[in-house]
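Hi everyone, thanks for coming. I'll walk you through one structure today, so please have a look at it while I talk.

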Amino acid sequence: MTASSSLTQRFEALEHAVARRLLGAAQRLPSAVLQPLSRAADGAVVHPEIAILLGLQRLLGVRQLSEANVEAARRRMRRDSRVHSGTPISVGAVHELTYPAATGPQRARHYVPRSGGRAPLLVFVHGGGFALGDLDTHDLPCRALCSQGNMHVLSVEYRLAPEHPFPAAADDVSAALRWAQQNAERLGADPARVAIGGDSAGGNLAAVATLIAKRRGDALPALQLLIYPAVDSTRDSDSMASFSEGLFLTRADIHWFREAYLRDIDRSDERVSPLLSKDLKGLPPAIVLSAGFDPLRDEGEAYARALEAAGNRVLLRRFPQLIHGFINLGAVSPHAAQSLREVAELARDQLA
């Protein structure tokens, strides 16, 4: 480790400690002091812990993603994940490997639960607007899903935009699902219980991979775990207008991601906008999770209703006080950590 990287790690650890101390202090403040920090909508308010984190971002002058070039945005996401991660959640084992993606090997990381026996396997697809993110940015939620959900987690990378526009990511994730189904037993998991899930763009890709498997006549996953998924790139919903800025993910960011990934293709294609699929019948059970203060809230909840209307089993759960990206905040926000635990337990119970 170089002196420069050591110094960076110390600063990131200090930022993490400061955030935790501020949030700890916030728990002891009267509600009359905390209330003005929190935005209100639909009878809920942003949780004070999240409001304080957002206030820190504003105080530090953190720019929105769409104001940076893609490499700078990727560096920022990696840095933020390190600052927010804290001490890693313990799991049985972690193995680095590769899977054969559409045009060559891609990195993957296998998290093994502590329990014995054939536990389910979740293929986890990271978010980041199809342009950002990697195995490390989503290490925390994958560890939580593995430990608290008692399941194997196979976190997969895929080709990123704008270098690799649509359908590169969708093709890679479809390949990852097939590989996981074929190799679950070798990984020590139950081959009859291979699920797929992801957050944001990863939720889109999990839903798309499921639709592609159905269209091809391939084996379907046992469950879809869709965490604040992006499922309609043709329009801006009411929640996109209501929460367009100031809550981590902005409308400008979303439009930036769409342009990077989609360019000039037909955005009504179900491999882009699953909500617009003309046939949602015969799909596996789905858990769809939304955040109360998220630009993507309405489209994710609309997808849950569309799946249910098509005869599928669906569990829709809104976390009313949280924002987009909350599964990555569990090490600094106890409320986000408890919500992530609920996510893991919902998946565990569905796959039991």
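**A helix, a sheet and some salt bridges**

Let's begin with helix α11, residues 334–351, which lies across β7, β8 (224–227), β9 (286–293) and β10, running at about 175 degrees to β10. Before I go on, keep in mind that this is a predicted model.

So, how far does α11 reach? It has 18 residues and spans 26 Å from its first C-alpha to its last, close to the 26 Å expected at 1.5 Å a residue. Which residues of α11 are buried? They are A336, S339, L340, V343, A344, A347 and L351. These cover an arc of only 145 degrees around the axis, so they sit on the same side of α11. As background, an α-helix has 3.6 residues a turn, so residues three or four places apart point the same way.

Now the sheet. It's open, with 8 strands in the order β3-β4-β6-β5-β7-β8-β9-β10, and the pairing is mixed. At the edges you'll find β3 (93–101) and β10 (314–323), each pairing on one side only. On average, neighbouring strands here are turned by 20 degrees against each other, ignoring direction.

V123, for instance, has I196 as its bridge partner in β7.

Another helix to look at is α6, residues 168–183. It lies across β3, β4 (104–112), β5, β6 (152–156) and β7, at about 120 degrees to β3.

On to charges. How many salt bridges does a search of the whole structure find? The count is 20. Take E96 and R109, whose closest N and O atoms are 2.7 Å apart. E96 is in strand β3 and R109 in strand β4, so this pair ties together parts 13 residues apart in sequence. E96 is partly exposed, at 49% relative accessible area, whereas R109 is buried, at 7%.

R109 also forms a salt bridge with D136, with the closest N and O atoms 2.9 Å apart. D136 lies in the loop between β5 and α5 (139–149), so here the linked parts are 27 residues apart in sequence. Those residues belong to a network of salt bridges that links E96, R109, D136, D139 and R143.

Last one: R318 and E301 form a salt bridge, at 2.8 Å between the closest N and O atoms. R318 is in strand β10 and E301 in helix α10 (residues 297–309), 17 residues apart. R318 is partly exposed at 30%, while E301 counts as buried at 7%.

Methods. Residues are numbered from 1 along each chain as its sequence is written. This is a predicted model: local features need pLDDT of at least 70, side-chain atom pairs count only at pLDDT 80 or more; totals for chains, interfaces and linings use all residues. Side-chain values use heavy atoms; hydrogens and water are left out. Two strands pair if DSSP finds at least two bridges between them. Helices (H or I, at least four residues) and strands (E, at least two) are DSSP runs, numbered from the N terminus. Axes are lines fitted to C-alpha atoms, for helices over the stretch in contact, and angles run from 0 to 180 degrees between N-to-C directions. Contact means heavy atoms within 4.5 Å. The expected span of a helix is 1.5 Å times one less than its number of residues. Buried means under 20% relative accessible area, exposed over 50%, partly exposed in between (1.4 Å probe, protein chains only). The arc is that of the directions from the helix axis to the C-beta atoms. A salt bridge is a side-chain nitrogen of Lys or Arg within 4 Å of a carboxyl oxygen of Asp or Glu.
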